[in-house]
Each structure stands twice: as C-alpha cells, then as structure tokens.
Amino acid sequence: MEIGKLIVLTGPSGVGKGTLLRALRRRHPELYVSISVTTRTPREGEVNGKHYYFIDRKQFDNLVAAGDLLEWAEFAGNCYGTLKSQVESHINKGDWVILEIELEGARQIKQTFPEALRIFILPPTFDELEKRIRARGQDTEEAIFRRLERAKEEIAAAGEFDLQIVNDDLEGTLEHIEGALFVPVGC
Ligand code: ADP
Ligand code: 5GP
C-alpha cells in the first residue's frame, strides 16, 4: 500500500495560512486539507463540513474521551481538533494531507507523527499581522486581542519547526512552500 505524507502548517492567526492553502489547493488539487472540528461559532460565510465541523463542547469532549482526535488544543477560548479517522484514511490511500493547526497541536503531531513535515509561517512584522487580522474584519476586538497575545507565544516557537517561511509576498511564499513539498527526485 502506498503511504501518503503529512504536512503541518502553523503560524499565528491572520498570517495568511488559509489564503495560502486555498491557493495551494487551486494549484495542486490532489492535496487534501483536513477539516477540523471546532467549538468556535462559524464566521460569516463559513460552511459546516467545508471550513470546519462546528460542534458543541460536549461533542468535543466526547471525541477527546473516545481518543478520536489525532491532536487537539484550546485556542483563544475555543477548542479545535483533527479527526484521526480522516487523516488516517487519506494517508493510507497515499494522499498528501495538510493540517492547518496552531502551535500546541503541531507539537503533539511531532510526538505522534515524527515524520510529518512541519512548516511555520511568519508575518513580515507584528504590525502587519495586526493589520491583516483587522483587514479580515471577522473578529471582535476581544478576539483580536487574544489572537495577538497568543501570536507572540507562537512566533517565539517558530524555531521548533522544520522550516520557517515569511509570508510577505504571497506568490513568493507559495513558491517556497511548493519547493519544500515537491522536492525534485534524482540528482
Ligand atoms: P490565517 O488563516 O492565518 O488566520 P488568513 O488567510 O485569513 O489568515 O489571512 C488574513 C488576512 O491577511 C486576509 O485578509 C488575507 O487576504 C491577508 N493576507 C494573506 N496573505 C497575505 C500577504 N502575503 N500579503 C498581504 N495580505 C495577506
Ligand atoms: P480560526 O478560529 O482563525 O479559524 O483558527 C484559530 C487557530 O486554530 C488557527 O491558528 C488555526 O490554525 C487553528 N486550528 C484550526 N484547526 C485546528 C485543529 O484541528 N487543531 C489545532 N490544534 N488547531 C487548529
């Protein structure tokens, strides 16, 4: 059986992970982006089963208790997790699976899936990160504050990752990620 590859994309909220992944998927539709479960309320335009599976805290706790999550973490007051069954079935089919997750979850993956390629996306500056979160226009002032506080901790841990990429110019960042994923075979 062909075994697929696991890729973890981490970086502070607002750095552009979702934007990068959407562009990557357009260019490489064979990549599978895992759909997480979360207790967060859907943002405008977010669709259940497409962006996330939106569940309540009791359902989340049941998944944790049953051992159904490959990793999970609390982030800015909500819980997020990766469904083990989803990742395993795609990896076993030979697919390349991408997890877009925060720092604590990425650390858990290092323990449970050491062969995963773990990439950390950095903002060009902290001010630019704040601008991007605000430009997205989907978070309350309190959520923005929490996300920026958490961003400081996350950025300090970037060195734990296999690769650090600054998301300045979008196209350049995409090419950098592609270079890491699609390493040419041969000499
Ligand atoms: P994340 O998924 O990391 O929380 P998003 O993908 O939602 O971040 O991006 C946050 C905001 O930053 C969006 O408005 C997006 O259009 C913008 N953005 C993403 N990448 C860049 C970039 N390279 N340059 C400028 N703006 C960007
Ligand atoms: P958002 O609320 O902006 O969609 O996501 C907040 C943070 O949760 C982001 O950093 C995102 O990468 C992270 N996240 C999304 N899904 C998961 C998951 O399944 N596990 C973990 N650990 N983090 C996740």
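A: Happy to! Just keep in mind that this is a predicted model.

Q: Good to know. Let's take ligand 2, then: how many residues surround it, and which are the closest?

A: Ligand 2 has 16 residues around it. The closest are S36, R40, Y52, Y80 and E100.

Q: And how does that shell divide into nonpolar, polar and charged residues?

A: The shell around ligand 2 has 7 charged residues, along with 5 nonpolar and 4 polar ones.

Q: Which side chains have a polar atom 2.7 Å from a nitrogen atom of ligand 2?

A: Two to look at here are E71 and E102. In E71, an N or O atom of the side chain is 2.7 Å from a nitrogen atom of the ligand. For E102, a polar side-chain atom likewise lies 2.7 Å from a ligand 2 nitrogen.

Q: What about the backbone? Where does G81 come in?

A: G81 uses a backbone N or O atom, which lies 3.0 Å from an oxygen atom of ligand 2.

Q: How much of the accessible area of ligand 2 does the protein cover?

A: On its own, ligand 2 has 510 Å² of accessible area, and the protein covers 96% of that.

Q: Which strands each supply at least two residues of its shell?

A: Both β5 (69-75) and β6 (78-83) do that for ligand 2.

Q: Nice. Over to ligand 1: which residues are closest there?

A: For ligand 1, the closest are G14, K17, G18, T19 and R136, out of 13 residues that surround it.

Q: What do G14 and G18 do at that site?

A: Each has a backbone N or O atom by a ligand oxygen. For G14 the distance to an oxygen atom of ligand 1 is 2.7 Å, and for G18 it is 2.8 Å.

Q: And which atom of ligand 1 does the side chain of N167 lie by?

A: That would be a nitrogen atom: a polar side-chain atom of N167 lies 2.9 Å from it.

Q: Switching topic: where is D95?

A: D95 is in the loop between α3 (84-93) and β7 (96-100).

Q: What does D95 touch, leaving aside its neighbours within four places in sequence?

A: D95 is in contact with G4, K5 and H90. With H90, the two side chains make a polar contact at 2.7 Å. K5 is 90 residues away along the chain, yet its C-alpha atom is 6.7 Å from that of D95.

Notes:
Residues numbered from 1 in each chain as written. Chains lettered and ligands numbered in written order. Predicted model: local features only at pLDDT ≥ 70, side-chain atom pairs only at ≥ 80, totals over all residues. Heavy atoms only, no water. Helix = DSSP H or I, 4+ residues; strand = E, 2+ residues; numbered from the N terminus. Contact = heavy atoms within 4.5 Å. Polar contact = N/O pair within 3.5 Å; in protein donor to acceptor, adjacent residues only side chain to side chain. Near = heavy atom within 4 Å. Areas by Shrake-Rupley, 256 points an atom, 1.4 Å probe, with all protein chains shown as cover. Nonpolar A, V, L, I, M, F, W, Y, C, P; charged D, E, K, R; others polar.
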